[in-house]
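Visitor: I would like to learn how to read a few features of a structure, taking one at a time. Could you walk me through them?

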Amino acid sequence: MNKIIKYIIIVSLSCSSCSINIPKEYTESHIFPDIYPDYTDLIIPPNIAPLNFKINNKAEEYITCISGNKGNSIVIKGNTIQIKESKWKNILENNKGDSYKIEIFIKNNGKWSKLSAIENYISQDNIDPYLSYRLIEPGYVVYKKISLKQRNLTNFQEKDIFNNNIIADNNNYTCLNCHAYQNYQTSNMQFHARGELGGTMIVSDGKLQKVDLKTDDLISAGVYPAWHPHKKLIAYSVNQTGQVFHSKDLQKVEVQDLISDLILYDVENNSISYIVNNENDLETFPAWSPDGKTLYYSSAQYMPELGNRSQDIIVNYRNIKYNILSIPFSSENKTFGIADTVFNAQSINKSATLPRISPDGKYLLFTLGDYGNFHIWHKSSDLWIMNLETKEAKKLENVNSEDVESYHTWSSNGRWIVFSSRRDDGSYTRPYLSYFNEKGQASKPFIVPQKDPDFYPNFYKSYNIPEFMIEPVKTSVHEFAVSMKKVPVKASLK
Amino acid sequence: MVTRPIFAKVINKFPLSSKKNKGNNYSLYVITILFFLFCLLFTGIYKKDILFRIQEFSIFLPGKEFIKPYLEIPGGLLKYAAYYLIQFFYHPWLGCTILASLLIVLQILTYKAFNIPKKFYFLSFLPPTFILLSILKLDYIIFKMSGNEYIYSQLIGFICSLFILYFYCFTKTIKSKILYCGLITILLYPILGFFALGGIILCLCKDYKTLLERRKILFLIIAFLFLIPLLYYYFIYFSLNSNYIYTSGLLLSQHYSYSPGIWYMILSILICFVCYAFSPFKRINENNKTKENPLVNSILVFILCIITVVFTNHDKNLKNILLLDKWTKEQNWESIVQQARKKEIVPTPVESLYYNLGLWKEGYLCEEMFDYTNNTLFFMSGYRLVDIVGSQLYFQYGRMNYCYRWAIESMTINGLTIDNLIYMIKSSLVNGEKELAEKYIRTLHKTKFYKEDAQRFYNYLKRPELMEKDTEFVEAMELMHYQDILGEESTFLETCLLNNFKNIEVGNPSELELCMSAILSLKGDRNFWAKSMEYTNNNLLLPRYVQEAIVLFGHDNQQVNINYFPIQNNIKTRFKQFLQARETYKNIENEKASSLMKEQYGDTYWYYYFYINKPTTR
């Protein structure tokens, strides 16, 4: 009985606060609100920044009431809904584990009508407060201004981790890529710089060093990184990559590995050793299991048919299919065992890349496309999930679109995933978040919120490699800049 | 005692005043008005095409996202203001009026801020003349510059520096001087960058006598100038290279290494200002209060105008390229063909590509092309054809992926511009990438002068059947019935186009013409005879160069009976003469022989075949 009274009080209070501005007379409409970004039927983190949006339904006037089932409400006029952070936080805080409702009233021909209500669920599980990514134009060969950013997901603050403008001289810009962290923490992190001031910037226990990972025997410096969860070790792929263009296909470009291997870099000893180095295999995208005892990666068997390797790969590009393999690792003597196939994509005529293991070690999340490894350009690519206990793999329901879904990572508590998608316009990659429950199901994804709801349509850069962090990067942009200008320390191959 | 600058000694001895012009205060302003008219007419008539193109190579958009990058470095807002003003070159006369007006503001401020004596009135025209020259000297660099905004950013910057100097004159006490210099540096350094610091330096130069007597104050102000930007660098700016802390906002030589002349003009203004600041103009004014000499000043300003005209970039090829670009956008093929036939200038490969497009559209490609191709100049090194006409030509020839690629690459390097945005829209529309096209159209719609174009594209988006009534789109789409090829190199525009044309699936005479032109340009192909037969089989007239090629290849290939083809007798006769001439010159060195043959046979395919290199990697 007490509960019912409490509920009535809360509802009446929330309605009374709404009734200040909401129209007294209106008709119920069954039209569903057309809002951008699509923030409908979601599960959202209780610590996320306001999900601001724009109403596209045509009307003379708009009034929107956002209210939590357990109380608190906000009333906003106009079709651009920008919610005050403090009020939004109150709603989320007080309605954790419950829903909030968005009621939109529109006025046409002097009469008010109420659109169908939107209801979103507020999860009990927090999302990691920081997300880092690279911002770059979706260009092909050339690049200019590139920045690595860190976004506070609990508000709208975005800061540079590093940008190449600060070291650009005489129109020479350095390419930045592949930022990675150890266990979501930033005291051990790395990213690469390519070009004139090239090298790998490694932060180890907060100390910064520029390292040259290219030795005479390696086919390239380290490319795709994976920090060991507990040790000062980084697994890298080394890749010789080619890029070729389609004259008509709307996927426009193919990025292919001509040769690739896996290496292990020992940060403390500044030494490199091979993990796998098979001439006829293309190994890439290493990822550690949370216990650090297994390394997962993608691998394609490649048997040259024509004399010229690169020509052969271009001609047969649709036949190159990657499987997901794992290899056991002994952290005591830093040795690897024998590789085993975890997911045989080739057997279903597909190609699987970017393995990522959930923090509880139960699930393997990966990208599945028709062929090749650079799935960010493949419209066929979707996110798949594999239960590592049952070995059952399936397309991750609710999250995929008709366009590209690719680069994905888990939050530190395993309840959220972030991934890159080109669903908005087919070209500019955007970061999407989705809730992942204990049963292995994902909820409808939503785009990372921005203060201005019109931000993404007006933004001309892609979000690359979204990675969660539990803390901001502490090394300053200027510290990176100073270190970047130094001569790198050369790593040695064992 | 402070040594008097040599410059001041020189100008003091220079007798400019005359009794005749005493007291005639308005005459100087007439000079200003005449200079304004000169700037307006010269830029409006002679440079309107390049200024219009510069406007296309930039964009100004309202909204936070557009302004944000300009706040990331000191002086960035000058660029923002510059882009705002550049957009008015869409209407060249309007743009030129704004430009001329600002040049006059610079002139008047130079005159006022440095207290230039009336008899040296012409000195105030030097800075605007240098700015004007820096604009008029623009050449092919407009296709390469990552920002054409310097046209206005430097002009506004110098105007602001002069304002800082002008208002400094109102500070009478030492305290107010310190306060003024400190506040200006703190408040205006983020907005003006170098020009805020430059303004303060001019104040120090002008006031050096007073400040030298109070050296502590001088050092304090210099410390402001040194430390405040440094503090901004460490606490506010995270995108600023430490090398440019004090020069951010100023055009630097390395930014325009391809056209050093532009940088020299800016440097000249800096030197002018420093000299003026150290000059004892104030004392001269006090000694010769009413003296002025409008006649001498007029003559000197007139000389400046003559110098401007002389040192302007008069490159006819550049002018022609701009014209051809304009006609291509208007689909005015007839004018392009007429321009080619005039043969007034030796074309660059860019012009040849435009000529070939015009000739093809008008149906004269295989009839006339080698008449121009054989006379093409080698283009300046450092410029790739694809950067200049890549998107435009790839669109015209139905290569939408390449059109889009080079528009995107241009956006990556040069930033979003009207030019690359329009090609991103066009190629996305043709490719049916609706969401992408809509994103770009929405941006174009935000511009001041391209709303109508945006609306037209929006109509195409919503009703694609309208696109089929637009000849530009239709003709491009008609060329799109080719198979996807992976791995083709589109960086080398000419060879890429020729390889595409060579393999085109011929469906009509126009495509046959394109295919044959490629076969001829590539100096033959196994399909040559089959394609030649298509002319006769379809009762099409054999174009001149196809006839010449048949005679040439038939001469080498005895298995082919060239009598099957209707070859004009004069072509057969001329070919015999050509072979005889070749025989005659066979012992002469190649270059000389080529030159001699060109005089007689420079308009033939045979000359192209034997003496001109195939397009390779331009």
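Predicted model: local features only at pLDDT ≥ 70, side-chain atom pairs only at ≥ 80, totals over all residues.

Visitor: How should I read the packing of two helices, and at roughly what angle do the axes of α2 and α7 of chain B cross?

Guide: Begin with the axes, then turn to the residues that meet. Here the axes of helix α2 (residues 26-46) and helix α7 (residues 126-136) of chain B come within 12 Å and cross at roughly 5°. Because angles under 35 degrees count as roughly parallel, α2(B) is roughly parallel to α7(B). On the α2(B) side the contact is made by B:Phe35, B:Phe38, B:Cys39, B:Phe42 and B:Thr43, while α7(B) contributes B:Pro128, B:Thr129, B:Leu132 and B:Leu136. Of the residues in this contact of α2(B) with α7(B), seven are nonpolar, two are polar and none is charged.

Visitor: Turning to the cysteines, how many disulfides are there over all chains?

Guide: A disulfide is a covalent bond between the sulfur atoms of two cysteines. With a cut-off of 2.5 Å between the sulfur atoms, the count over all chains is zero.

Visitor: For a sheet, which strands of chain A are at the edges?

Guide: An open sheet of four strands in chain A has the order β27-β28-β29-β30, with antiparallel pairing, and its edge strands are β27 (351-357) and β30 (393-395). Neighbouring strands of this sheet are turned by 30° against each other on average, direction ignored. Strand β29 (residues 382-387) pairs with β30(A) in the antiparallel sense over three bridges, and A:Trp384 stands opposite A:Lys395 in β30(A).

Visitor: Is strand β31 of chain A buried or exposed?

Guide: Six of the six residues of β31 (residues 405-410) of chain A are buried, so the strand is largely enclosed by the rest of the structure. β31(A) pairs with strand β32 (residues 416-421) of chain A in the antiparallel sense over four bridges, and A:Ser421 in β32(A) is the bridge partner of A:Glu405. β31(A) and β32(A) form a hairpin with five residues between them, and A:Gly414 in the turn has a positive phi of about 75°.

Notes
Residues numbered from 1 in each chain as written. Chains lettered and ligands numbered in written order. Heavy atoms only, no water. Axes fitted to C-alpha atoms, helices over the stretch in contact; angles between N-to-C directions. Parallel < 35°, antiparallel > 145°, perpendicular 65-115°, else oblique. Contact = heavy atoms within 4.5 Å. Nonpolar A, V, L, I, M, F, W, Y, C, P; charged D, E, K, R; others polar. Pairing = 2+ DSSP bridges. Buried < 20%, exposed > 50% of the residue type's maximum accessible area, 1.4 Å probe, protein only.
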